[in-house]
Amino acid sequence: MKKVKNSGNGVLEIRMLGGFSLSYEGKDYVLGRNNTAKFIQLLQLVWMQGGKGIPKDRLIQALYESQFNLNNSFYNLIYQMRKHMHRLGLPEIDYIIRDGGYYVMDPKLPVRVDALEFRSLIEKADMEADEEARFQVYKTAF
């Protein structure tokens with residue numbers, strides 16, 4: 001399958017607060033009926049790390065209980081996730097790439113994760129010295 005670079009026009013909107021959903025260029029996408037599917041868990045784990053990524057061993061530990069043939073299961077999971085995302089009509093990118101010893105979001109597609117934005121605003125509010133300014137940042141977060 002030929003990979004298409006993201007045009008830069010769209011942002012993949014990830015909503016994790018109040019349920020998991022995503023949209024791209026105004027269209028909602030359903031990844032599946034079962035939010036416990038391994039590839040959905042994989043995407044959520046990587047997306048929740050933002051740009052800092054997550055080591056493979058932590059991903060495998062979070063995704064698998066059995067220790068049998070984990071590397072093959074993990075690589076197959078990544079392959080199946082990409083195939084599913086492309087079949088939905090989402091951009092043909094990798095979604096998750098390896099960067100050193102970490103798995104990170106594919107930088108070809110801008111991603112906005114509501115839970116990360118919320119956490120960032122709370123941290124910003126916590127650091128704010130002015131009470132009124134702190135209140136406004138908390139209000140924006142909520």
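Reader: Which residues do ring pairs link into a cluster?
Author: Phe74, Tyr75 and Tyr103 are linked into a cluster by ring pairs. Keep in mind that this is a predicted model.

Reader: How many aromatic pairs does the structure hold?
Author: There are four aromatic pairs. One of them is Phe74 with Tyr103.

Reader: What is the geometry of Phe74 and Tyr103?
Author: Their ring centres are 5.3 Å apart, and the planes sit at 85°. Planes over 60 degrees apart count as edge-to-face, so this pair is edge-to-face.

Reader: Where do Phe74 and Tyr103 sit in the chain?
Author: Phe74 is in helix 3, residues 70-87. Tyr103 is in strand 6, residues 102-105.

Reader: Phe74 and Tyr103: buried or exposed?
Author: Both Phe74 and Tyr103 are buried.

Reader: Switching to strand 5. Which residues does Ile96 contact?
Author: Ile96 is placed in strand 5, residues 96-99. Neighbours within four places in sequence aside, Ile96 contacts Leu42, Leu43, Val46, Met81, Arg82, Tyr103, Val104 and Asp106. Tyr103 also belongs to the ring cluster.

Reader: And is Ile96 buried or exposed?
Author: Ile96 has a relative accessible area of 1%. Buried means under 20%, so Ile96 is buried.

Reader: What separates the C-alpha atoms of Ile96 and Trp47?
Author: 8.8 Å separates those C-alpha atoms. Along the chain, Ile96 and Trp47 are 49 residues apart.

Reader: Helix packing next. At what angle do helix 1 and helix 2 cross?
Author: The axes cross at roughly 140° and come within 10 Å. Helix 1 covers residues 38-47, and helix 2 covers residues 56-63.

Reader: Why is helix 1 oblique to helix 2?
Author: Roughly antiparallel needs an angle over 145 degrees, and roughly perpendicular runs from 65 to 115. The crossing is at roughly 140°, so helix 1 counts as oblique to helix 2.

Reader: Left-handed or right-handed crossing?
Author: The crossing of helix 1 and helix 2 is right-handed.

Reader: Which residues make the contact?
Author: Helix 1 brings Lys38, Gln41, Leu42, Leu45 and Val46. Helix 2 brings Leu59, Ala62 and Leu63. By class, the contact has six nonpolar, one polar and one charged residues.

Reader: Last one. Where is Gln49, and what does Gln49 touch?
Author: Gln49 lies in the loop between helix 1 and strand 4. Not counting residues up to four places away in sequence, Gln49 touches Ile54 and Arg58. Gln49 is buried, with a relative accessible area of 18%.

How values were computed: Residues numbered from 1 in each chain as written. Predicted model: local features only at pLDDT ≥ 70, side-chain atom pairs only at ≥ 80, totals over all residues. Heavy atoms only, no water. Phe/Tyr/Trp six-rings, centres within 6.5 Å; stacked < 30°, edge-to-face > 60°. Helix = DSSP H or I, 4+ residues; strand = E, 2+ residues; numbered from the N terminus. Buried < 20%, exposed > 50% of the residue type's maximum accessible area, 1.4 Å probe, protein only. Axes fitted to C-alpha atoms, helices over the stretch in contact; angles between N-to-C directions. Parallel < 35°, antiparallel > 145°, perpendicular 65-115°, else oblique. Left-handed = near helix turned anticlockwise from the far one by under 90°. Contact = heavy atoms within 4.5 Å. Nonpolar A, V, L, I, M, F, W, Y, C, P; charged D, E, K, R; others polar.
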